[in-house]
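Please read these points with the structure open beside you.

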Amino acid sequence: MAKTLFLVEDELLFAQRLRAAAGRLGVPVQAVSPAQAHTRAWEGNDVVVLQATLRPEQQLELIDHLRGLDPAPVLIAVSGHLETELRQRLKARGVILAAHSGMDRVLARALGVSVPGDAAPHPET
């Protein structure tokens, strides 16, 4: 059974895009609010996705909080290619980076599932 993908839901269009990507991968999505993400008991293999470009300082604070948990969930931050400074800050925090255009493959690797059309499953990161 595929892992559940947790979406920190704070913007409708991003949520729709992520749900579509998860649907292509055959992975269920569970939405959590930013407040729920702060208080939830996470497991080390939970995969949490957030859009880093929407209120980046709040997202960075949430990432710092989640990275400080034991166990910390796997974090994927989605941003645009041109947001170089933000991407550097995210990378320094140890999150997995994904551009909107390459989100499917990054999600597949983090979840350990195959992208439709690929021959073999991607190893976990």
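1. A nonpolar core is a set of buried Ala, Val, Leu, Ile, Met, Phe, Trp, Tyr and Cys residues joined through side-chain atoms within 4.5 Å. In this predicted model, the largest such core has 23 residues, and L5, V49, I76 and L107 have the most contacts inside it. At least two residues of this core come from each of β1 (5–8), α1 (12–25), β3, β4 (74–79) and α5 (103–111). Apart from it lies another core of 17 residues, including V8, A37, V48 and L75.

2. Take V49 as an example of the packing. Leaving out residues up to four places away in sequence, V49 touches L5, F6, L7, V8, F14, L18, I76, V78 and L107.

3. D46 sits in the loop between α2 (34–39) and β3 (47–51). D46 is buried but has no salt bridge. A salt bridge needs a nitrogen–oxygen distance within 4 Å, and the nearest side chain of opposite charge, R40, is 4.8 Å away. A polar atom of the D46 side chain does lie 2.8 Å from the backbone nitrogen of E43. Beyond four places in sequence, D46 is in contact with F6, P73 and V74.

4. The structure holds 6 salt bridges. One of them joins D10 and R55, at 3.6 Å from N to O. D10 is in the loop between β1 and α1, and R55, 45 residues apart from it, is in the loop between β3 and α3 (56–67).

5. R93 and D64 also form a salt bridge, with their closest N and O atoms 2.7 Å apart. R93 lies in the loop between α4 and β5 (96–99) and D64 in helix α3, so the pair ties together parts 29 residues apart in sequence.

Conventions. Residues numbered from 1 in each chain as written. Predicted model: local features only at pLDDT ≥ 70, side-chain atom pairs only at ≥ 80, totals over all residues. Heavy atoms only, no water. Helix = DSSP H or I, 4+ residues; strand = E, 2+ residues; numbered from the N terminus. Buried < 20%, exposed > 50% of the residue type's maximum accessible area, 1.4 Å probe, protein only. Lys, Arg positive; Asp, Glu negative; His and termini not counted. Polar contact = N/O pair within 3.5 Å; in protein donor to acceptor, adjacent residues only side chain to side chain. Contact = heavy atoms within 4.5 Å.
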